Amino acid sequence: MKILVAVKRVVDHNVRVRIRADGTGVDTANTRMAMNPFDETAVEEAVRLREAGDASEVVAVTVGDAGSEEVLRTALAFGADRALRVDSEAPLEPLAVSKALAAVAGREQPDLVLMGKQAIDDDSNQVGQMLACHLGWGQATFACDVALADGELHVVREVDGGKRTLAVALPAVVTTELELNEPRYIKLPSLMKAKRQAIERLGLAELGVDATPRLELLGVSEPLPREAGGERVDSVAALVDRLRNEAGVI
Amino acid sequence: MTTYRAPTQDLRFVIEELIGLDRLSGLPGLEAVTPELLEAVLAEAGRLASEVWAPLNATGDRQGCRLAGDTVALPEGFAEAYRAFVEGGWNGINAPAGDGGQGLPELVASATQEVWHGANMALALAPMLSAGATALLRRHGDASLRERFLGRLVSGEWTGTMDLSEPQAGSDLGPVACRAVPDGDAYRLYGEKIYITWGEHEAAENIIHLVLARTPEAPAGHRGLSLFLVPKYLVEADGSLGARNDVHCTALEDKLGIHGSPTCTITYGERDGAVGYLVGEEHRGLRHMFTMMNEARHKVGIQGVGVAERAYQQAVAFARERIQGRRPGGEAAVPILHHPDVRRMLMTMRAQTEAMRALALLTAAEMDVAEHSPDEAARAGAQRRVELLTPVVKAVATDQAVATASLGIQVHGGVGYVEDLGVPQLLRDVRIAPIYEGTNGIQAQDFTLRKVLKDGGEALEGVLAEADDVAEALRADTTLAGLGDSLAEALAALRGSTERLLRDGEGDPLVPLTAATPYLAQAGLVLGGWLMGRAALVARQGGETGSQDAAFYAAKVHTARFYMRHVLPQAHGYTPAIHGGSDELEAMDDGHW
Amino acid sequence: MGVLVFAEHDGAAVTEAARRAVSAAGALGGPVDVVLAGGDGVEAVAASLAGTGVSRAWLCQGAPYADQLAEPLAGRLAALVRAEGYEAVVAATSTQARDLLPRLAAELDTQMLTDVTAIEDAETFVRANYAGSVLTRLRCREPVKVLTVRATNFAPPPGDGASPAVARLEPGPDPGLSRLLEVQATDSGRPDLGSARVVVAGGRGVADAGVGELEALADKLGAAIGASRGAVEAGLLPSDAQVGLTAKVVAPDLYIAAGISGSIYHVSGMRDSGVIVAINKDPEAPIFEVADYGLVADLTEALPQLREALEQP
């Protein structure tokens, strides 16, 4: 089985993002960047499947500018065998990303595509499902357990109110929850090796992808802060009184 | 409990911008180091350190180590955390690729070592001591010893120790009595060593002791000492582990701090003699040992920076949350971070830690040049600088670490004196650093007599000339001009001290010995000023070209300003003591004490 | 013409979130139709749409739809959108909607919008990203707009009026790419966290008082149980109860945070609640900054006291 794992470079989850003064977007210049945490889980799962003998090759792919090769190196250090980047200077919308990935899947012919359920910057949670649609494959989103059984995948999905287990025919697209696994600590020798590995580059035009934006960004802002000025009550009785008689919520 | 996060931003700033990676990337063997690699290395080391090592720091302090039969039981989790470090390939970070290492520069290795020490100093001592033993074996061991022992020391599968001290031989190793008797092509060792850090444990499969001992017929004193490799388990020709050697831990010290690090009394030859192998030449053991002394001392300085950084992080976190007292004119109680005196303490901690980090890493970069430069003159110049700066890094960084850990307690107030939050541990742990690997008093002597007075102050002047340029550049910058004045005045004070010691020391050797500690302290502040001044200049331009965010550069400039205005002027306070001679001390009759 | 709402239901009635999605759809202009996917019982659900202003309820019945399989459902809905000429498809954000709608959008070759928090006009939307810390205003001129909306940001429809007309959809083809093996419901007998009117949430501090106390209070109030990340990590409460940025975002009428310190992460998941109560023994816990009522108290005492006080009229 060959696995294609899609990763994205995002602002590190520990960084509190700043909005550009002119409100045209989030300031990512000189900001600590990292692999999308959900994608780390996906890479880890792919490498585990290969280590378990269920997969023979893991290919990491990203869509982004040259700087985003950094997360491909991380994927290689995790243990991916190869890496390729679809070059795009501008960040693409999920639909365009899914089309680029579909084109890559067409060339690579993987049996399984793994990726995080969403990227923590855009929070769109769309690419995996869209990719599955373009390819005409089955999908299993929000995976918290993945097992190969009789040539198909059994995926436990984390959904509202519980879990749902799907059997998905291969090839398929699976998107991952953090609960799926605990990503390994990357070894220093793996980092050094990843540094020397070649990264294949593909152009959007070469892949025949029309990435024209469909949405127009009008501006970004911070949510309004919740008004402060709550009251400290000194007893449970006082609290119940306020909830009953002042707020009227019980 | 306290948390720790690797200060990757400042580490990267110092390496990439203050020192400049280009300084290394031209050196043969070090081409691979790019900002991206550095970032990844620091991020991954930081992750293991903060997620696995740091949470065990308090465990180590509480549980300590205990003798358990023929071995030492470590605190819970220590063995696993050490193995995770080894499996991650971190132990061999700066070892040559030919020995199974990663061949990264000392500069990068030092940055990661700071992180390990900040996360868990007691645990980080294991690889620190191993590194010393490994370096000795690499440089002085013959091919067969290297073949048998080096690879697994580099990987960290085995740990190494440095067995020097005996009860009667501490700072002066001349009286070492441990005996080594020839036995075929090996030796049998008999005797006892104390203060052997990580001398016994089961976190690694084998322990390789490097032992100073005396062969029969050897001359007395330093010149009669030879260096021996004594493995805990003998190693067969095929590399497999053989019989348990006659070397045992017979006692553990009960210490002020670093409870997670077993400090052992090691006894050799209780039964049939401990099998040992001569490393290098007979009677040159101490000389061999000195070839790695700079590294070992430098690492202790790095350790100081690591613990100081943790104390600072902890104090800031507390000061942010603790609400107490009002600002002048304010209505509501505020986090204590907003009180001027708390800010002063935090800024002092931060500024000194950043200054010493810069100096320690700069010294590491000089080590790389001294080792790798194809240009002989460049190598010699760098080596001279390493010799000069090492005692400063060791002594000043550790003294400041103790002061910083103490200030960390002060920021917490009463809570800091209580063990619950883990605040006192840092002070107790780091208090050893001014003592071991040559006390700071010995560093001061080394610096003053050997590194400055011996060459007439030439090597030091080479550094100060660079600092003059920084002072000039600061003066030329309208917003930083005052900092340039402050630096220039401090440089003048240090030059004055040097001249005075050169003059007065000629006639009276007691003068420089008395002045050594204040003189080193003054030099430490001034060298810190040199680098903080440079940091301010770099950070001013950082917004456009640097790799860090704007807030980082702004904070760096504020910190540098504070250093120049509040910390550096303390250098002048040492002048009277340096110039004062030794009369008062000598005047005290022994009976007066 | 018109908007199609994909409405989730519990087999008897559409969810509160789905009702709010209907109001959101109304803001796009044009008549609002609803599609209900499920088995035979779905017919009964249509009645619960009375008064929502929905014109028509499509019943999409069949095993693959009842099993919530995205592939056949997305295909069937795409065909419906094309056949009826809908200009928009809306659903309340949920795991099912997030699974289904992107696939539907890809079928329709449209760039969808996730987690819309405000609809300014038929083409202008605000959505939350960067884990709720950034609001992005966008113009979308796609011929068919596909969006999930954050239901708590939209008012429920007025609630009186006629029932919608009911129409049955012919089942579409099932590509047979996936099949449902098992459903494990976390069945607590409590209301769904996402739509509960009252949420009682516990943090690490609950350990002292015991999770049982928290549950007893929740049951007294008919509340859902929420959790901070700390409580989940400490194994006190299940991960699907976690409230926060990338977990559940909730906005009940009453949110009681018990033993929760109030990290930014947690607060961004509940800041839109009507009334926030914080109970914590640490008077400096940041949660007090967002609370309408704060009580500094030990949970071991406060939780039982609160439950008893609620029993008094």
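Chain A contains 6 helices and 15 strands, where helices (H or I, at least four residues) and strands (E, at least two) are DSSP runs numbered from the N terminus. The model is predicted: local features need pLDDT of at least 70, side-chain atom pairs count only at pLDDT 80 or more, and totals for chains, interfaces and linings use all residues. Residues are numbered from 1 along each chain as its sequence is written, while chains are lettered from A and ligands numbered from 1 in the order in which they are written.

Along the principal axes, the C-alpha atoms of chain A fill a box of roughly 65 × 45 × 40 Å. Of the 250 residues of this chain, 50% count as buried; a residue is buried if 20 or more other C-beta atoms, placed from the backbone, lie within 10 Å of its own, exposed if 12 or fewer, and partly exposed in between. Among the contacts in chain A with a separation of 6 or more, 69% are between residues 24 or more positions apart, two residues being in contact if their C-beta atoms, placed from the backbone, lie within 7 Å.

The secondary structure of chain C comprises 10 helices and 15 strands. The radius of gyration of chain C is 21 Å, close to the 20 Å that the globule rule gives for 313 residues, so chain C is as compact as a globular protein of that length. Here the radius is taken over C-alpha atoms, and the globule rule is 2.2 Å times the number of residues to the power 0.38. The C-alpha trace of chain C spans about 60 × 40 × 40 Å along its principal axes. Buried residues make up 60% of the 313 residues in chain C, and residues 24 or more positions apart account for 66% of its contacts with a separation of 6 or more.

Helix 1 (residues 16-26) of chain C is mostly covered, with 10 of its 11 residues buried. Among the buried residues of this helix are A17(C), R19(C), R20(C), V22(C) and G26(C). The cover over the buried residues of helix 1 of chain C includes strand 1 (3-6), strand 2 (32-38), strand 4 (88-92), strand 5 and strand 8 (145-149) of chain C.

Chain C is assigned domain 1 (3-168) and domain 2 (198-311), the bounds coming from an automatic or database domain assignment. The C-alpha centres of domain 1 of chain C and domain 2 of chain C lie 31 Å apart. Contact between them involves 5 residues of domain 1 of chain C and 7 residues of domain 2 of chain C. On the side of domain 1 of chain C, these residues divide into 1 nonpolar, 3 polar and 1 charged; Ala, Val, Leu, Ile, Met, Phe, Trp, Tyr, Cys and Pro count as nonpolar, Asp, Glu, Lys and Arg as charged, and the others, Gly among them, as polar.

Chain C contributes 65 residues to its contact with chain A, and chain A contributes 62 residues. The elements of chain C that give two or more residues to this side include helix 4 (70-84), helix 5 (95-107), strand 10 (178-185) and helix 10 (299-311). Helix 5 of chain C gives the most, with 9 residues. The side of chain C that touches chain A divides into 30 nonpolar, 18 polar and 17 charged residues. Strand 11 (residues 162-169) of chain A runs antiparallel to strand 10 of chain C, and 7 bridges join them; strands pair if DSSP finds at least two bridges between them. Within this pairing, A167(A) stands opposite R179(C).

The contact between chain A and chain B takes 13 residues from chain A and 20 residues from chain B. On the side of chain A, the elements that give two or more residues are helix 2 (69-78) and helix 5 (188-196). Helix 5 of chain A supplies the largest share, 5 residues. The residues on this side of chain A divide into 6 nonpolar, 3 polar and 4 charged.

Chain B is divided into domain 1 (8-140), domain 2 (159-283), domain 3 (292-434) and domain 4 (439-585). The centres of domain 1 of chain B and domain 4 of chain B, taken over C-alpha atoms, are separated by 29 Å. Their contact takes 7 residues from domain 1 of chain B and 10 residues from domain 4 of chain B. Helix 1 (residues 8-20) of chain B provides the largest share of the domain 1 side, 6 residues.
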